[in-house]
Amino acid sequence: MTGGGQVRRTTGGGTDTPYALAAYSHRHLLRLSPAAGDHPAAEELEADVRSWATGRGLSAPGDDGLARRRIGRLVGRCMPGAPVAVARLTARYLAWVFHFDDTVAEHADRLAVHRASDPPGILLSGRLPDGAPACAHLTSLVSVHEAVVAAGGTALLPLLADGLRRYVENCARETPWRATGTPPTLAEYLAQRVHTSGGHPMYLHLLAPGMPGGRDPQTDPQTGPPNAPLTAPLTGLAELAFLIGGLANDLLGHAAEQRRGDPVNAVTVLAHEYGLPVPEAYRAVVVLHAGHQHRFDAACAGLLADATLPAAQQRFVHAVMGWVAGSAAAVEPYWHQLLATEPTQGTG
């Protein structure tokens, strides 16, 4: 239920059914982010992440969750020029985030149990705290920690752990909204959606040669001077990218979330705040998404036009641009699931 009332599901087409609205946003997303090219090792990435997730207990043989999301393909689209080792590690950690999101983040009891074991602390230290259950989520974080250290990314661990901390904390902030069925304000929602989108694995791109804080590949990678650091404008750009991805997922996931009565979605939030019928709120979120995308494009152009911007920081801007362009692939599984479950509901 929203401030504009529950939208009526119809079966005879029309432009205001949940599935017709999804088709509308799908076309909008494809216009803004045309299909990106794949990483040359996309199939290898896909096979590796499925094998890793199964080996770590995050996915059982025959489980179609990973197959449906195609995380290796997604990372290949988002990081087409990244070294294979960097893309592989990103895919593994993103698989962890997606699995946690699907199985823990929206369940208050499970989330509380996991938070008690301090997942960010495990990622940072590589150790389970005393008394922590040896569950797949926690032991997999130890594996991610070890892989980051092996890749020379020890200095990157605090940034990743902070991203995970913000993700988990903001997931917990959603609990009372779901418990009461009351959406947050739009300002509250957008502030936390930056983090609950789960985009922080993108920072693993900093393991690639020539990135901020690393070493210039043209000098000695061990003793040469470090590149320019990651700055506040660059992390702000990354967080805007995370929000864009979150809003895109809201648009394609809204039909299923509305069916479950979940109030934590940009469409439901906007309908509640402004007293809009759901179809009007849905179209308004499409405009909101486009506005953030255009703000992102302008910010990238402004940074790259700065002749004083160090080469390492330019590389990071291009990496974030690639992440946004490729992340359109993340909404495709939602779209194909809609087609598979409701093929006649006016999806176009």
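**Ground rules**

I worked on a predicted model, where local features need pLDDT of at least 70, side-chain atom pairs count only at pLDDT 80 or more, and totals for chains, interfaces and linings use all residues. Residues are numbered from 1 along each chain as its sequence is written, and side-chain values use heavy atoms, with hydrogens and water left out.

**Entry 1: overall make-up**

I began with secondary structure. The protein has 16 helices and zero strands. Here helices (H or I, at least four residues) and strands (E, at least two) are DSSP runs, numbered from the N terminus. Next came burial. I call a residue buried under 20% relative accessible area, exposed over 50%, and partly exposed in between (1.4 Å probe, protein chains only). Of the 348 residues in the protein, 51% are buried. Then I looked up contacts, meaning heavy atoms within 4.5 Å. Among contacts with a separation of 6 or more, 72% join residues 24 or more positions apart.

**Entry 2: helix α4**

I checked the cover over α4, residues 71–78. Eight of its eight residues are buried, and the helix is mostly covered. The buried residues are Ile71, Gly72, Arg73, Leu74, Val75, Gly76, Arg77 and Cys78. I note that Arg73 and Arg77 are on that list.

**Entry 3: α12 against α15**

How do α12 and α15 pack? Helix α12 spans residues 232–260 and helix α15 spans residues 311–326. Their axes are 10 Å apart, at an angle of about 5 degrees. Axes are lines fitted to C-alpha atoms, for helices over the stretch in contact, and angles run from 0 to 180 degrees between N-to-C directions. The two helices are therefore roughly parallel. The angle classes are: under 35 degrees roughly parallel, over 145 roughly antiparallel, 65 to 115 roughly perpendicular, and the rest oblique.

I then listed the residues that meet. From α12 come Leu234, Leu237, Ala238 and Ala241. From α15 come Gln313, Phe316, Val317, Val320 and Val324. This contact has eight nonpolar residues, one polar and no charged.

**Entry 4: salt bridges**

I counted 14 salt bridges in the structure. The rule is a side-chain nitrogen of Lys or Arg within 4 Å of a carboxyl oxygen of Asp or Glu.

Arg88 pairs with Glu44, with the closest N and O atoms 3.1 Å apart. Arg88 lies in α5 (residues 84–105) and Glu44 in α2 (residues 42–55), so the pair ties together parts 44 residues apart in sequence. Arg88 is partly exposed at 24%. Glu44 is partly exposed at 41%.

Asp48 pairs with Arg92, with the closest N and O atoms 2.8 Å apart. Asp48 is in helix α2 and Arg92 in helix α5, 44 residues apart. Is Asp48 buried or exposed? Asp48 is buried, with a relative accessible area of 17%. Arg92 is partly exposed at 22%.

Glu106 and Arg178 meet in another salt bridge, at 3.4 Å from N to O. Glu106 sits in the loop between α5 and α6 (108–116) and Arg178 in α10 (residues 175–180), so the pair ties together parts 72 residues apart in sequence. Glu106 is partly exposed at 35%. Arg178 is partly exposed at 22%. I also found a network of salt bridges that links Glu106, Glu174, Arg178, Arg260 and Asp262.

Pro263 lies in the loop between α12 and α13 (266–274). Its relative accessible area is 4%, so Pro263 is buried. The C-alpha atoms of Pro263 and Thr182 are separated by 6.3 Å, though the two are 81 residues apart along the chain. Beyond neighbours within four places in sequence, Pro263 is in contact with Trp177, Arg178, Gly181, Thr182, Pro183, Thr268 and Val269.

His254 belongs to helix α12. His254 counts as buried at 3% relative accessibility. With neighbours within four places in sequence left aside, His254 is in contact with Asn265, Val267, Thr268, Val278 and Tyr282.

**Entry 5: cysteines**

How many disulfides are there? The count is zero, where a disulfide is a pair of cysteine sulfur atoms within 2.5 Å. Cys171 is buried at 1% relative accessibility. Cys300 is buried at 3%.

Note on methods: Nonpolar A, V, L, I, M, F, W, Y, C, P; charged D, E, K, R; others polar.
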